[in-house]
Amino acid sequence: MSSLEQIASCVSGYDPDALPVEKAQEFIRRFVPRVETVEKLPLRAALGRVLATDVVSPIDVPAHDNSAMDGYALRGTELSADGPTRLRIAGTVLAGQPFEQRVAPGQCVRIMTGAVMPEGLDTVVPQEFCQVEGEVVTLPAGAVRPGDNRRLRGEDLARGRPALSAGKILRPADLGLLASLGQAEVPVLRRLRVAFFSTGNELRSIGEPLEAGCVYDSNRYTIHGMLQRLGVELLDLGVVRDDPQALEAAFRQAAESADAIITSGGVSVGEADFTKQMMARLGEVAFWRIAMRPGRPMAFGRIESRGRQAVLFGLPGNPVAVMITFYAFVREALLAMGGATPQPLPLLRAHAEQSLRKKPGRTEYQRGIVRQVDGRWQVRITGSQGSGILRSMSEANGLVVLHHDQGHVAEGELVDVLPFEGLI
Ligand code: AMP
Ligand code: MG
């Protein structure tokens, strides 16, 4: 595993005191390890888990050419080009019951959707095109072309070809696809374990009285929710006071039992330095000032205890900054640590309903409400954007991402929006 210093030398123009968002992301990407333990799960239990190995199809799906329609199977060569085609019905073939008889020239077979195409027949004419009188079917010229309405053997998955790639987060379609291969068990990577706690003497947990100058700890709930959506195992270590012994105990417990640690608070410049000191003492930690808003201060590195170590994300304390830094850095890092191949999040382009002030030289994440008006996407900002105003986040349905080099935005201008739907 590389040291922070080694990684710093690989990230061009690395400056911990003025770190662009993309550089911080690159740094994190290079630093984090990936879990390797594989476990086998029954198919249904694998939803949302990360596939550990490529899956190669052991069979052709479908296993035979079959009909895509209810109708009549025939030989494409027997379709008449300039008049109706007349064929004699030789029998019926149902799904799951192969038709063993030979079909003579001039004959067709009544066929149901999914039934195996009888030997020699390659075309299906849907029943609504056909006129049936006794044993004879008549279809008009041009109703079908040779090969129509036939599903080819292996057209979904061909035997020996990759069906799913390692690193895929399994979705309902993937479970179905694995089932279509007859696979009862799936190899997945073990779930990532993430420990988290809040730091600050002013924090009170729900249920405790709120003394003067105190606030309820909300970050632990936001973090819990965001982590739960990522499908990791959670270890909630509560509120930890700004006290060296308590902090050391929490960091050690976290490092010994988790792959990653997320803390909030205690990394800003004005802080009593306990948390930062403790992080630096128990591992290898960089303290960054990221060119972003909200969320400027952040600690990143690893904490060690008794030969075990965990990646540390020391997030700022402000409730909005916690969420923004989680989305900007932690989400992708945890996905990568869990073995997933992270996909870039799709951005929406929307017209700003108001002008936005923005300084070039930092990335800003403003909380917005995006909606469609007369077929075009528009976005407005959710009131005051202070990094302590969690309501701005709760009311929003997306983040307006104002990129590093971007300046002020005029009313009506197009901006990038990261919709919350599907974010984690
Ligand atoms: P800090 O980064 O520790 O200086 O905290 C910055 C601001 O965020 C302060 O106003 C803290 O009271 C507030 N804050 C820190 N942690 C939490 C938390 N877990 N829940 C709610 N507010 C917090
Ligand atoms: Mg604090």
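## Cavities in the model

This structure holds 2 cavities of 30 Å³ or more. A cavity here is a set of points, on a 1 Å grid over the protein atoms alone, where a 1.4 Å probe fits but cannot get out. Its volume is the space filled by probe spheres set on those points, with grid points joined across faces, edges and corners.

Please keep in mind that this is a predicted model, in which local features need pLDDT of at least 70 and side-chain atom pairs count only at pLDDT 80 or more, while totals for chains, interfaces and linings use all residues. Residues are numbered from 1 along each chain as its sequence is written, chains are lettered from A and ligands numbered from 1 in the order in which they are written, and side-chain values use heavy atoms, with hydrogens and water left out.

## The largest cavity

The largest cavity has a volume of about 170 Å³. Its lining is made of 15 residues, and Val-50, Leu-230, Gly-231, Val-232 and Gly-338 lie nearest its centre; lining residues have an atom within 4 Å of a point. By type, the lining divides into 9 nonpolar, 3 polar and 3 charged residues. Here Ala, Val, Leu, Ile, Met, Phe, Trp, Tyr, Cys and Pro count as nonpolar, Asp, Glu, Lys and Arg as charged, and the others, Gly among them, as polar.

Why does the largest cavity lie between domain 1 and domain 2? Domain 1 (4-37 + 191-337) and domain 2 (38-61 + 155-189) both give residues to its lining.

## The second largest cavity

The second largest cavity has about 80 Å³ of space. Among the residues lining it are Gln-25, Arg-29, Phe-329 and Glu-332. Two elements each give two or more residues to this lining: helix H2 (21-31) and helix H7 (319-337). Helices (H or I, at least four residues) and strands (E, at least two) are DSSP runs, numbered from the N terminus. H7 provides the largest share, 5 residues. The lining divides into 6 nonpolar, 1 polar and 2 charged residues.

## Domains

Besides domains 1 and 2, the assignment gives domain 3 (66-151) and domain 4 (348-419). Such bounds come from an automatic or database domain assignment. The centres of domain 2 and domain 4, taken over C-alpha atoms, are separated by 39 Å.

## Strand pairing around S5

Strand S5 (residues 71-74) runs antiparallel to strand S7 (residues 107-111), joined by 3 bridges. S5 also pairs with strand S8 (residues 123-126) in the antiparallel sense, over 4 bridges. Two strands pair if DSSP finds at least two bridges between them.

Which residues partner Gly-71? In S7 the bridge partner is Ile-111, and in S8 Gly-71 stands opposite Pro-126.

Technical notes
On a 1 Å grid over the protein atoms alone, a cavity is a set of points where a 1.4 Å probe fits but cannot get out, and a pocket is an open set with protein on both sides within 12 Å along at least five of seven lines; lining residues have an atom within 4 Å of a point.
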